[in-house]
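Here is a friendly walk through one protein model. Have the sequence and the coordinates open as you read.

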Amino acid sequence: MSTQIRVLLAKVGLDGHDRGVKVVARTLRDAGMDVVYSGLHRTPEEVVTAAVQEDVDILGVSLLSGVQMTVFPKIFALLKEHKVEDMIVVAGGVMPDEDVIELKKMGVAEVLLQDTPPQHIIDTLTGLVKARGDR
């Protein structure tokens with residue numbers, strides 16, 4: 001990869017727990033990635049607008065509130081509207097196995113649950129960007 005990996009991490013909806021996403025942000029920064037954390041209580045529109053403006057490689061959405069099956073279709077529709085369908089989208093947090101399967105069918109590149117080791121997160125994101133290639 002010729003450039004630093006850029007990642008936007010977001011918490012969408014009413015979920016007010018962000019300790020995990022802050023740990024992931026720190027882990028990715030320590031691994032040399034450029035990380036933007038959008039903060040709590042964001043809408044899909046805010047998250048996609050920020051990801052487009054920041055020109056990130058990866059949009060990571062962390063959810064603990066169970067709204068993944070309504071949030072991700074909106075995010076993908078907005079990415080299509082902004083013509084950035086090559087942006088890698090990953091999900092994180094807590095969600096049932098059946099939702100993980102459906103999210104991947106929907107286009108989520110990877111689902112990293114609450115017990116994913118930090119090095120695996122780094123390796124996964126690096127591998128996704130490498131497989132996609134330069135934009």
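What follows covers a pocket, a strand residue and a pair of helices in this predicted model.

Let us begin with the largest pocket, whose volume is about 420 Å³. Its lining is made up of 26 residues, and G20, V24, G93, L112 and I121 are the ones that lie nearest the centre. Two or more lining residues come from each of β1 (6-11), α1 (19-30), β3 (58-63), β4 (88-93), β5 (110-113) and α5 (118-132). Of these elements, α1 gives the most, with 7 residues.

**A residue in strand β3**

L63 lies in strand β3. Is L63 buried or exposed? Its relative accessibility is 0%, and because buried means under 20%, L63 counts as buried. Leaving aside residues up to four places away in sequence, L63 touches K11, V12, D15, Q68, F72, G92, G93, V94 and M95. P44 is 19 residues from L63 in sequence, and the two C-alpha atoms are 12 Å apart in space.

**Two helices side by side**

Helix α3 (residues 68-81) packs with helix α4 (residues 97-106) at an angle of about 10 degrees, and their axes are 11 Å apart. Angles under 35 degrees count as roughly parallel, so α3 and α4 are roughly parallel to each other. On the α3 side, Q68, M69, F72, P73 and F76 take part; they meet D99, E102, L103 and M106 in α4.

Conventions
Residues numbered from 1 in each chain as written. Predicted model: local features only at pLDDT ≥ 70, side-chain atom pairs only at ≥ 80, totals over all residues. Heavy atoms only, no water. 1 Å grid on protein atoms, 1.4 Å probe; cavity = no way out; pocket = protein on both sides within 12 Å on 5 of 7 lines; lining within 4 Å. Points joined across faces, edges and corners; volume = space filled by probe spheres on them. Helix = DSSP H or I, 4+ residues; strand = E, 2+ residues; numbered from the N terminus. Buried < 20%, exposed > 50% of the residue type's maximum accessible area, 1.4 Å probe, protein only. Contact = heavy atoms within 4.5 Å. Axes fitted to C-alpha atoms, helices over the stretch in contact; angles between N-to-C directions. Parallel < 35°, antiparallel > 145°, perpendicular 65-115°, else oblique.
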